[in-house]
Amino acid sequence: MDITGLHRRAEYEWEIPATGAMRVPAVIYASERLVQAMDAKVFEQAVNVATLPGIVGASYAMPDAHWGYGFPIGGVAAFDPDAGGVVSAGGVGFDISCGVRTLHTGLTRQDVEGVKHALADGLFHHIPAGVGSTGHVHLTPKDMDEMLVGGARWAVEQGFGTLDDLARTEELGQMAGADPEQVSDKAKKRQQDEMGTLGSGNHYLEVQQVAEIFLPEVADAFGLHQGDAVVSIHCGSRGLGHQIGTEFLREMAISAARYGIALPDRELACAPINSPIGQAYLGAMRAGINCALANRQIITHLTREAFARVLPRARLELLYDVSHNTCKVEEHVVEGRPRRLFVHRKGATRAFGPGHPDIPPALRGAGQPVLIGGSMGTASYVLAGADTSEAHSFSSACHGAGRAMSRHAATRQWRGRSVVDELAHRGILIRSRSMRGVAEEAPGAYKDVGEVVDAAERGGLARKVARLEPMACVKG
Amino acid sequence: MASDVRAGADGERGAGGAGPDNARRWEHFQHGADIGVRGFAGTEGGAFEQAAIALTAVLTDPARARAEQAVEIDCEAPDHELLLVDWLNALVYEMATRHMVFARFAVDIRNGALHGTAWGEPLDVARHEPAVEVKGATYTALQVGRRADGLWLAQCVVDV
C-alpha cells in the first residue's frame, strides 16, 4: 500500500488527516513494514468510520488491522451519546464478544510432555468443536434468558467453575444492561444446542508453554513463569451472537437514512445511541456478551474435567478473560475532561493501564492482561495494558496476527494432513475433525504475530509480558 | 450497492445444476480472512441459486451433499441486494438450526419477494468433512445486477 498520504506522527503512529466528510483523523499504529503491508481497504475503512456522527478523538487501527466489514478488523472508535454518537452493529461484528481466556495449570511443560497425546485426545473428545458440533448443555427458554442476563456468573451458578473465575473475567463475568427481550427467538434457537462449543474457523483450545518472559515483574503478578504449562481458549458467542449481528446490521442499515446518517458503506450500519434501535441493539449485544462469557466458562469447566482424568494434579485457575469484539461504555479523559464514551473494539482488545479500577485487585498494579491469540504452530502473547494506552487509543491494543492469505490460497498451498504431520514433528499435536479446516488455518496463512505485538509495544498500546508456544491444539 | 470487487475469483468454482441456461455457474472470490460467494445465471433467481451453491461450497464440496429433504424459505427486502443477503442468511440459519447441508436450490423472485426451496440432508461430519461454518452473509462486495452480457450476477462476502 502506498503510504505517501500518511503523516507519520511518531515512529509507530500514522495519521490520515481529517478531510471531506471525516469528523476526526484516522490513526494507525504500526511499524513502517506493517503499514506498508496493509491492504488499502484498511485505510478506506478507517476513514469511513471517521465520518460517523459523534466520533471522538480519532478512528484507530491497531497493528494487526486488516480489511473487515465496514470497520477494519483491528478497528477502535469511541462515540459520545451527548454529541449524537452512534452504536454500530457492524462495529462489533457477527461474533459478539469473541475473546480469549488463559488458564494456569499449576504444571510445567515437562509435566504435560509425557502425557501430551492422552491430554490432546481427552480434550478433543470432551470439548465439542467444529462445524455441526452440539454442546452438552441444552437450555429451556427460561434458562436461556437467565444465561443471557447472568453470563459466566450464571454458568458458575450451574456448577461450571468457581467464583474465583468470575473475579478474573472482564465485567466480573456478567455484562450489565443485557436485555434478553431484544434477542430474537431465531437467535435463541440458533444457540439452543451450541452452549459449551468452540465453533470453527480460527477458534481453538490450546495447551501452551511459557517460552519467554519479557517483563519478569508483571509476569510474576500474572502468575506466569518460564516453562509453565497454560491453556488458552479462543471462541465467542456462537450462533446467538451471529444472529443478533445479522438482524441488527439489517435493521440499522435500513433505518440509518431515517436518522439522517449517511453511510459510506452499508456495513457501517449504525443508529444513534439515544434511539430505540440503538438501545435495543445495546440490550441484545450485551446479552450476546454474556452468552460468550458463559460459553467460555462452560468450556473452562470441560477443560478442567478433561485435565483431571489425565493429570489429576492440575489446578486450572483463570489468569484472565478478555473479549475483542465489543462495544462498552467507558470513561476516558479527552482533552483533560472525563467523558462517558461508547467504545467499539472490532478485533481489538481492551488494554487498561496499571491502576485502572476495572482490573482485578491482584493484577491492578501490573495493568490489564491483554491476551493475543496465535494460530496452530505460532506463538501467542500475553501483554499488559500500558500507562500510555488510554491517551493513544482509548486503552486498546491488537488482538491477534491477522491472516496473510485467503482460505483458498491456503488450501492450494497446504494439505491438512501434512500440516498436522509437520507440526507433530515439531512436537505440536493438532486435533481436528476437518483436515480442510486445518489447511485453511495453516500457520503460514497468518502474519507474523511477533511483529504485531512488537508494534503494539513500541506504539505505546501495551507491554510485552510473555510469549506462549503451543504444545497441543484442538481446532474448531 | 455496487461495491469495489478488486480481487478476482479465488479457488473453488463450478457449474451448478442442469438447466437450459448453461452459463449458470458459481465461484468464490477472495476477501482477506473470509470468502466471497458469487453466482451467475440468465435470471436473477438463477444467480441467487448459484450463489447458494457457492455458500454450500464454503462448508463442503457441494457434490458430496444429497438433495433428500426440502426446506421452504420466504424473504422480502427493500432492494435486490438486501434480498440476496436475506436469502443467504436464511440458509445460514436453516443449516445451523437443522444441522443440514444443502445441495440444490430453486428461487423465484417477484416484486421484491423471494420464495425459495433448498434441498439437502443432515450434516454428516465423516462424509461431508465440513471445513468452516458461516456466521453470516455481509454487505461487503454486495452486488446484484445484470451485466452487459445479459447475465445476472449475485455476490457478497460471507463471514466465517
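Predicted model: local features only at pLDDT ≥ 70, side-chain atom pairs only at ≥ 80, totals over all residues.
**View 1. Secondary structure of chain B.** Chain B contains 3 helices and 9 strands. Their order along the sequence is β-β-β-α-β-α-β-β-α-β-β-β. Of the 160 residues in chain B, 54% are buried. Among contacts in this chain between residues at least 6 apart in sequence, those joining residues at least 24 apart account for 59%.

**View 2. The side of chain B that touches chain A.** Contacts between the two chains involve 32 residues of chain B and 37 residues of chain A. On chain B, at least two residues of the touching side come from each of β1 (9–14), β2 (25–31) and α2 (80–98). The largest share is that of α2(B), which supplies 5 residues. By residue class, this side of chain B comprises 15 nonpolar, 11 polar and 6 charged residues.

**View 3. The largest nonpolar core.** This core has 217 residues, and the members that touch the most others are Leu383(A), Ala51(B), Leu84(B), Leu88(B), Cys156(B) and Val158(B). Helix α10 of chain A, residues 276–310, gives the most to the core, with 16 residues.

**View 4. Surroundings of Cys156(B).** Cys156(B) is one of the residues that touch the most other members of the largest nonpolar core. Beyond its neighbours within four places in sequence, Cys156(B) is in contact with Gly36(B) and Val37(B), with Leu84(B), Val85(B) and Leu88(B), and with Ala137(B), Thr138(B), Tyr139(B), Thr140(B), Ala141(B) and Leu142(B). Two of these partners, Leu84(B) and Leu88(B), are likewise listed among the core members that touch the most others.

Technical notes:
Residues numbered from 1 in each chain as written. Chains lettered and ligands numbered in written order. Contact = placed C-beta atoms within 7 Å. Helix = DSSP H or I, 4+ residues; strand = E, 2+ residues; numbered from the N terminus. Nonpolar A, V, L, I, M, F, W, Y, C, P; charged D, E, K, R; others polar. Core = buried A, V, L, I, M, F, W, Y, C linked by C-beta atoms within 7 Å. Buried ≥ 20, exposed ≤ 12 C-beta atoms within 10 Å, placed from the backbone.
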